[in-house]
Amino acid sequence: MAFRELGLARDSRYVPEGGSAQVFDVLKQIRSELGDALPTVGYLRQFRPDRSLFLSPSLACDPNNPHNEGHIARTQLLDAVLSRLRLRDTPSLPLNERLSLEALRFHDIRLDGRGSYLTHAQDAITFAEQTGWHRKFSPEDWATITYLIFCHPLRGNPPDSDMQRQLLPMLHTLQDSDASDLTRPPLHIPMCEIMLRTQEAKDYHFPSLAILLQIMSADMRTGDIYEDQLTAGVRMGLVQKS
């Protein structure tokens with residue numbers, strides 16, 4: 001959807017077809033490089049969206065809704081890991097992981113899968129402000145969160161400004177975490193059609209990681225698909241239990 005550009009599979013920004021075969025080697029590499037810096041289950045749970053934020057609570061836990069809380073959990077998990085990998089390589093990058101995870105809490109909550117895609121980012125911001133969520137943050141932090149939410153569906157970079165140039169690394173990290181999960185049902189976007197913006201997301205085959213999270217969580221059937229993603233992340237070694 002937001003990151004799909006048909007006919008450009010040879011572009012270097014797209015995921016190579018052979019990504020899935022290397023996923024287990026990549027997992028070992030991530031665990032080796034981040035070690036104790038991997039995110040914890042308790043940390044990620046802080047950013048779980050309340051089901052009342054969705055257009056209807058049933059959409060949050062509907063396995064047939066591609067924008068359910070399982071998708072949000074995967075994007076948050078991937079964003080936390082990608083942010084830490086990027087900061088490990090370039091400590092000076094202006095990344096604020098917590099604000100990115102807050103933006104992902106809201107980014108798809110107003111999607112119903114039936115035609116609200118074009119306005120869903122602004123709809124999410126409007127709903128969050130109408131329900132008072134913006135009061136939990138400073139004006140500066142809320143401005144960052146709303147920028148990330150509003151711009152996450154964009155294919156190109158947003159209009160240039162000093163603020164936007166500073167936030168672009170955060171936006172690209174968030175967009176790659178979101179785009180990596182486009183393989184999920186019922187979307188099933190082929191990996192060769194997913195555009196990634198950061199070198200780390202490409203090098204560590206993030207769409208393959210998203211697929212493995214989907215596979216490992218699919219048979220859990222606990223009724224809590226958000227927690228199932230975190231449990232899958234623990235089993236993969238991408239998340240620490242505590």
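The side chain of Thr40 reaches the backbone nitrogen of Tyr43 at 3.1 Å, a polar contact being a pair of N or O atoms within 3.5 Å, one able to donate a hydrogen and the other to accept it. The model is predicted, and local features need pLDDT of at least 70, while side-chain atom pairs count only at pLDDT 80 or more. Residues are numbered from 1 along each chain, and side-chain values use heavy atoms.

**Surroundings of Thr40**
- Thr40 lies in the loop between helix H1 (23–34) and helix H2 (41–45), helices being DSSP runs (H or I) of at least four residues.
- Beyond residues up to four places away in sequence, Thr40 touches Val239, Gln240 and Ser242, where contact means heavy atoms within 4.5 Å.
- Thr40 and Val234 stand 194 residues apart in sequence, yet 8.7 Å apart in space, C-alpha to C-alpha.

**Helices H6 and H7**
- The axes of H6 (residues 120–130) and H7 (residues 139–151), lines fitted to C-alpha atoms over the stretch in contact, come within 8 Å and cross at roughly 150 degrees.
- That makes H6 roughly antiparallel to H7, a term for angles over 145 degrees.
- Residues making the contact include Ala121 and Ile125 of H6 and Trp142 and Phe150 of H7.

**Largest pocket**
- The largest share of the lining of the largest pocket, four residues, comes from H10.
- Helix H4 (69–89), helix H10 (206–218) and helix H11 (225–236) are the elements giving two or more residues to this lining.

Conventions:
Axes fitted to C-alpha atoms, helices over the stretch in contact; angles between N-to-C directions. Parallel < 35°, antiparallel > 145°, perpendicular 65-115°, else oblique.
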